[in-house]
Amino acid sequence: MNFPVGFKPLLGDAHSMDNLEKQLICPICLEMFSKPVVILPCQHNLCRKCANDVFQASNPLWQSRGSTTVSSGGRFRCPSCRHEVVLDRHGVYGLQRNLLVENIIDIYKQESSRPLHSKAEQHLMCEEHEEEKINIYCLSCEVPTCSLCKVFGAHKDCEVAPLPNIYKRQKSELSDGIAMLVAGNDRVQAVITQMEEVCQTIEDNSRRQKQLLGQRFETLCAVLEERKAELLQVLAREQEEKLQRIRGLIRQYGDHLEASSKLVESAIQSMEEPQMALYLQQAKELIKKVGDMAKVELAGRPEPGYESMEQFSVNVEHVAEMLRTIDFQTGGSGEEEEEELVLEGEDGSAGAEEEKLEAST
């Protein structure tokens, strides 16, 4: 059912008064602020009763002023801007009253000859009975209507109630619903805050474990580098020993070759001597030197395979397989104890690796 609304000519400042009226509406009860009016830290205003209803809904365990138990205060969120309001042990009664708004309300009521909603209700007319104002509420059809519709109109068989009664009841239901919704929003916000803190904790713990993981793998790399240096030293010593032996043999064979070559040269020159007597004087000693030189036994050559270094090969397959089995520990009784166990495991595994590498060599 549609209801035509007709407004009578307004005064010059009626529009300004309507705008002022909108600024004096409580966001909880949707009515003009009732004394006393409290001002929140975010500078928004509420009726004290509405503020107390929202506060009680958000803090069900808070003790009222009449209780003998001293409360530690509480908090709720402003229904206009969602700013968190923290209260002391006095609760809503600890908030400052907004005397300026209260004075403005007094002046507005003095200037206005009718209640806040009377103008709208005065001009809300019935569609079927144009001269009748809407003044009752049909409970069966759940629509506002006029008295004539109840007497002989469309709602004559319906159950009706006075419009102000239904108006106040539904206003109260809406106010209670808003308070519950605000309290529910606070609980949801608390859960969101808690989950955000959990996310931050997860990031912090993950960052810490990444650092520990990097440190432990750096320790393993340091052990491998140390062992590598030790084995390289062993290999270098063996290389130097073999090279010194072979180079000594080379020098010995070289000296023998040089002496033999000189002796051969002397023998050839002696054989070219034309005088027999002079030749025979030198021949006996020369023959003896040649024979002695031919009988000289040089040190034995290196055995076959002496140059091979295959005995210094290292088998790391089993170590690599063991490293591939490194995994995260589970079921630790505490972080400190877990760290100690991991460090001890690293030292033990490093010693085992060294023993295996030594055995393989």
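This is a predicted model: local features need pLDDT of at least 70, side-chain atom pairs count only at pLDDT 80 or more; totals for chains, interfaces and linings use all residues.
**Entry 1. Count.** I looked up how many salt bridges the structure holds, and the total is 13.

**Entry 2. Arg77 and Asp186.** I found the side chains of Arg77 and Asp186 joined in a salt bridge, at 3.7 Å from N to O. Arg77 belongs to strand E3 (residues 74–77) and Asp186 to helix H6 (residues 163–271), so this pair ties together parts that lie 109 residues apart in sequence.

**Entry 3. Glu303 and Arg245.** I noted a salt bridge between Glu303 and Arg245, with 3.9 Å between the closest N and O atoms. Glu303 sits in the loop between helix H7 (276–295) and helix H8 (317–324), whereas Arg245 is in helix H6; the pair links distant parts of the chain, 58 residues apart. For accessibility, I have Glu303 as partly exposed, at a relative accessible area of 40%. Arg245 is also partly exposed, at 36% relative accessibility.

**Entry 4. Glu285 and Lys289.** I looked up this pair within helix H7. Glu285 and Lys289 form a salt bridge whose closest N and O atoms are 3.7 Å apart. The two residues are four apart in helix H7, so about one helical turn separates them. I put Lys289 down as partly exposed, at 43% relative accessibility.

Key. Residues are numbered from 1 along each chain as its sequence is written. Side-chain values use heavy atoms; hydrogens and water are left out. A salt bridge is a side-chain nitrogen of Lys or Arg within 4 Å of a carboxyl oxygen of Asp or Glu. Buried means under 20% relative accessible area, exposed over 50%, partly exposed in between (1.4 Å probe, protein chains only).
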